[in-house]
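Please look over the sequence and the model below. The paragraphs that follow go through some strands and then some helices.

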Amino acid sequence: MSPDLLKERLAEIPAPQAVHAREKAVLEARAEIEARGVSEDPLRRGMLRQHPLLGLAAAVVLVVVLLLTPPGRAASAWVGELVGIGDVGGPPSQGWQGRFIKPGTAIVIDNGAAPDGSRYEWVAYRCGENLRSEGIDTKFEGIGVALQWPKVRSEEGGGYCEELQGRPHAPALTSNGVHILPSQFKGVAKPDLVIEGTTGPRVHRIRVVYRDGEGRRRDLPVDFARVEGRLRRLASQPEALGTFVAFLPGDVAARDEVASRLDLRALMGTGTLKLGPIGRGERAQAREGFRKCAHLEPNPGDLPPNPSRSAMERAMGPATRCYDRYMPTGPLEYMAYDEHGRVIQRMNEPLVTAMVRPADTIKAEGREEPGDKRRRLPKETGSDARKVLMSGRAPDGALYEFYLEQTKYGVCMQIWWPYAFGGGGSCGPDLPPARAYGRRNPERVFAKPFGFLSDEPRATTSRYISGFARPRVARVQVVYRDSRGRPHDAPVQLAHVTASTLGKIEASEPFGFWIAFIPRSAGHRQITVTAYAGNGDRLGEQFTLARP
Amino acid sequence: MRPWYRVPARDEASLIRQARRGSADAVEALVRRHWDAAHRAAFLIVHDAGAAEDIAQEAMLAAVRSIDCFDRRRPFKPWLHRIVVNRSLDWLRARARRPEVSVEVTGPVAGARVEAEAPDVLSDELMRALAQLDPDERALVVMRHLLGYRSPELGRMLDMPAATVRTRLARAITRLRELLEAEARKGT
């Protein structure tokens, strides 16, 4: 069927008559818009009707702000929509609640509108965190500040809870990062970007400087608000703070590849990263920077336990200076000024995609040197004693252990490296897991990877993949292909849990567990896992992609 | 080069501007202008006359309520259609969780007042074949072949690469063709 014919046929399908429904929709839509009144600006009306004096005062303040401040002048194009948003000092317009927010404590400390008209509110709140029910010994009372987009249905915004007691002074400048404008996250080819953050008590002005693809710098209009005096007390803040918001037009951001250089879609869990020429150039420059500077970083093992900030800065000094010299600079720079106009802090938005450190510039330390001490693995609260299921060494000599632990989340099976940082695994109600042999015809599967190809560059120079095997499997062969497509056997270690040891680890049935190490040079190619019986018979074969 | 969104008619931009200012007449004009396509799209996706009415009504109201958030530089129709399609898919997912309701459409929709006087065999076949597609596939077919969006537009609307849209569409059309052939065999 041709597309044209299909279109014709679809258009010909008799749709049910829906005249009544249409008229009802018309009436409801009219009622909806009429309920907002008849003034020229629907946003202004609701507020003025409820708070006439407040509206007048807000209008005066707004005019002053608009006339006196650069962001105000810049924002005047959408000034009509600044009035009527959840009022400063009042509750947020959407009765916002979070998991840890104390009910009724959230108030708006600043508000405004993006260039596309979507409205934002900076909200301060009191909060409490209690993770004891989740087995984590954390419970405190605190405060938080978050940027909300009341009319945008999105996961954007979020928030945090910071412990009030013993809280250090807030840093002069905290960037909450750059985001795709929530109202344009989907369906907009070149979305505007929003830049936001908070400032400490000494900051009286913020500059956000944008460096375009050709290196030209220009100031972006910034909506900076200081929260002090009565508003600060109302917002339960122990000291003055500030908030700032700036916007980068979508066409500029697209031209200069800002979203991909900062990996905004991928950071939000959607979309794929597509680097352009600027991003690729920065990545190459960063790779070179890592090669030149990584060896200057201090060994974590040489640092004292819980080092102070100044101790860390001293230790990192040589590496920091080297990185400053060789690494690419981000497109956004923030400067915080005190009341005398002096710069008290400046920072660059990190280039996420360029700063992904190449694994081959990280020293693998999983193989112990003479005098090295075995690390102690912190015990999961509420867990029983650990039982080591399998231990061995990667091809470069890094020591690993797979251990089992019964926790409140079920049986956890994890790998860790006694002489290096890194590790992880999975937990579940059953051992072996219900999907150890896959979902499709598991009875025909004899050995199968469980999870993905893993990379622990701080521990070993190899990647690894692990999985389960049936009790009758005597050997697991793992074949990967090198960059030229030639097949190679990976070193594999296989351990069996037999019926006699089942009780010790609370497994439901006997099983085998295997791990294979694959060099990083293998690339993104298919890996073949073949199971063999004791007599050499080939039992079955599985494929997986070598994508870390 | 074809723009991603169709350029809206000048009078539509004017209607939206007036609607934002609170004009009920402008809102009525927008609802009437877009009702048929929205309702037909909802019906072809959910295959339930009552639900299609509700979905189209809700989508219209949602659009009116959010008209302040709507970017005036962009056309209204794709925005509305996305609301319709998303709500239709939500409705199908919710219905899938209620096993007592049959998903299969085997004949004229219950309770529907069908405008066509004579039964249209071809349309019935197509309707039954459509009903057997996955909801997401059905939505893609409707958006592409009824509403007329091209793959890059659909990709942007659904946040997936255009190539993925093309692949899924091709798969859906192949399946639709097979289902239609099966329907035709049944008929003979």
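Strand S17 (residues 447–449) of chain A runs antiparallel to strand S19, and 3 bridges join them. Strands are DSSP runs of E with at least two residues, helices are runs of H or I with at least four, and both are numbered from the N terminus. Two strands count as paired if DSSP finds at least two bridges between them. Lys448(A) is the residue that stands opposite Phe468(A) of S19(A). This is a predicted model, in which local features need pLDDT of at least 70 and side-chain atom pairs count only at pLDDT 80 or more, while totals for chains, interfaces and linings use all residues. Residues are numbered from 1 along each chain as its sequence is written, and chains are lettered from A and ligands numbered from 1 in the order in which they are written.

S19(A) also pairs with other strands. Strand S18 (residues 454–455) of chain A is antiparallel to S19(A), with 2 bridges; here Asp455(A) has Arg463(A) as its bridge partner. S18(A) and S19(A) make a hairpin, and 6 residues lie between them. Strand S23 (residues 511–519) of chain A pairs with S19(A) over 8 bridges, again in the antiparallel sense. In that pairing Phe468(A) stands opposite Phe513(A).

How many residues of strand S19 (residues 462–469) of chain A are buried? The count is 8 of 8, where buried means that 20 or more other C-beta atoms, placed from the backbone, lie within 10 Å of the residue's own. Both faces of S19(A) are covered. One side carries Ser462(A), Tyr464(A), Ser466(A) and Phe468(A), and the other carries Arg463(A), Ile465(A), Gly467(A) and Ala469(A).

Elsewhere in chain A, 4 strands form an open antiparallel sheet in the order S8-S7-S11-S12. Its edge strands, S8 (217–220) and S12 (343–348), each pair on one side only. From one strand to the next, the twist averages 25°. Within this sheet, S11 (residues 332–337) of chain A is joined to S12(A) by 5 bridges, and Tyr337(A) stands opposite Val343(A).

Chain B has 8 helices and 0 strands. Of its 188 residues, 40% are buried. Two residues are in contact if their C-beta atoms, placed from the backbone, lie within 7 Å. Among contacts in chain B between residues at least 6 apart in sequence, 68% join residues at least 24 apart.

Two packed helices are described by the angle between their axes and the distance between the axes. Axes are lines fitted to C-alpha atoms, for helices over the stretch in contact, and angles run from 0 to 180 degrees between N-to-C directions. Helix H2 (residues 24–46) and helix H6 (residues 135–146) of chain B pack at about 150°, with axes 9 Å apart. H2(B) and H6(B) are therefore roughly antiparallel; angles over 145 degrees count as such, under 35 as roughly parallel, 65 to 115 as roughly perpendicular and the rest as oblique. Residues making this contact include Leu44(B) of H2(B) and Val142(B) of H6(B).

H2(B) also packs against helix H3 (residues 49–65) of chain B, where the axes come within 8 Å and cross at roughly 140°. That angle makes H2(B) oblique to H3(B). Among the residues in contact are Trp35(B) and Phe43(B) of H2(B), and Ile55(B) and Met60(B) of H3(B).

Technical notes
Buried ≥ 20, exposed ≤ 12 C-beta atoms within 10 Å, placed from the backbone.
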